[in-house]
Amino acid sequence: MKTKIIKLSLIIIWLLLISCFVEYGTPEFPAGIVEGYKPVYLTGAEAEIKWKSPQPLDKPGKIYVFQNYLLVNERLKGVHVYNNTNPGEPISIGFLQVAGCTDMAIQGDVLYVNHIADLVALKINNFQSFAELSRIQQKDWINQFPEETDVYFECVDPSKGTVVGWELVTLHNPTCYR
Amino acid sequence: MRTHINRKLRAGLFIVLSAILCSCITSCSDDGSEIGQASGKAGSMARFATTPNYVYTVDNQSLYVYQRASDGSLQKVNERKLFTQVETIFYYEEKIFLGSRNAVFIYDVNNGANPVLLSEYKHILSCDPVVVKDTLAFATFRLSDCRLQGIDLLEVINIKDLQNPVSLGLYAVPTPYGLAVSDNNLFVCLGNNGLRVFDVSNPRNLSIKSNHLGFHAYDVIANNDKLIITGNTGIQQHVYANNQLNLISTLSSGL
């Protein structure tokens, strides 16, 4: 009886450990259809910070509340700005195009955002226009690989442009893994 | 009989250790966030934290300090090497909290240009959104990525003595993501399991006030009774009153 329990315990432990390591340690190729990361490339026209007309929400990321405004990050693309004076009816007032943007914060009348690999300060002028105040490069903000490890990803093709970030998608036979 | 129980205990311990081991080799892709003060809010995968006079950034190796000039432009004034990869940073009342893969580092930034390390609080996992209210920190741990279900946790930590944070309790919650605290209400996003509201008036014994199903909740900002919730389908705004969640507007995504 006792040895049975020991054996059973060992088998359970073994299975648990195997389930961990097999899943995350050794990739299998061809991978087939799997969840993984795809590089998001920057094209020339999207590189500059630009205040545009309202855009539909697609992949909302972080949200940020400032006074009566609601800011919604469009992952790796920019920032939607809503007048949220009446939370029952937020009004879209524009879209700030910021390639690679995932984070934003406001102090006073200055918006700080990550733009590609830079930390940029922008004067917000009541969300009428934006003026760049400073730009500081952050060397490790852009990864040529997904931040996560033990994941499949689509290999980077430099001919497609600069990688500004990674999105989680369903991949068909990815050939990169880390 | 006794050895029998001991063996069972040992087996149980092994399973727990395996789970922890498994969690250690699992990476996270959380993007929850939490409430900040006055100027707005920060996020759990935040790249930087702002204060009235400084902006702090983290990358794979260092904590950087930038001073804000009167016009809001930035100038680098300090750099601190970090000995572990920090994934998130947020600011709360003269402190910055850096979340790494296995600990939260708390720095005093009273002297803005020279952050002083106060303590390091060891976690099981890293990708954990944290919110702070007075002397309490609330953190969620999500281990479901490891496929060992049932060990997703909410932890309450007393941070009154910042050099010696103390755990006050652990609560099982399904697939927790971002969270927010307002008054005595703690709002915890549970992905496909909706939103759960805890009463935190007794931090040693949280009680569930209400559960709200039927939508995907990833992140939440709470401002008194008003909630802004993000999820797979977009952004919902609610009023929370009398244990009821009343939807007042929706911004749909992916149209």
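Rings of Phe, Tyr and Trp (its six-membered ring) pair if their centres lie within 6.5 Å; planes under 30 degrees apart count as stacked, over 60 as edge-to-face and the rest as tilted. Ring pairs of this kind join A:Trp51, A:Tyr69, A:Phe127 and A:Phe130 into a cluster. This is a predicted model, in which local features need pLDDT of at least 70, side-chain atom pairs count only at pLDDT 80 or more, and totals for chains, interfaces and linings use all residues. Residues are numbered from 1 along each chain as its sequence is written, and side-chain values use heavy atoms, with hydrogens and water left out.

**Aromatic pairs**

- The whole structure holds 10 aromatic pairs over all chains.
- One of them is the tilted pair of A:Tyr69 and A:Phe127, at 4.4 Å centre to centre and 50 degrees between the planes.
- A:Tyr69 is buried at 19% relative accessible area, and A:Phe127 is buried at 4%; buried means under 20%, exposed over 50% and partly exposed in between (1.4 Å probe, protein chains only).
- The rings of A:Tyr152 and A:Tyr177 form an edge-to-face pair, because their planes stand at 75 degrees, with the centres 4.9 Å apart.
- Both A:Tyr152 and A:Tyr177 are buried.

**Cysteines**

- A disulfide is a pair of cysteine sulfur atoms within 2.5 Å, and the count is 1 over all chains.
- A:Cys155 and A:Cys176 form a disulfide with sulfur atoms 2.1 Å apart.
- The torsion about the S-S bond of A:Cys155 and A:Cys176 is about 115 degrees, so this disulfide is right-handed.
- A:Cys155 is partly exposed at 29% relative accessible area, whereas A:Cys176 is buried at 19%.

Technical notes: Chains are lettered from A and ligands numbered from 1 in the order in which they are written.
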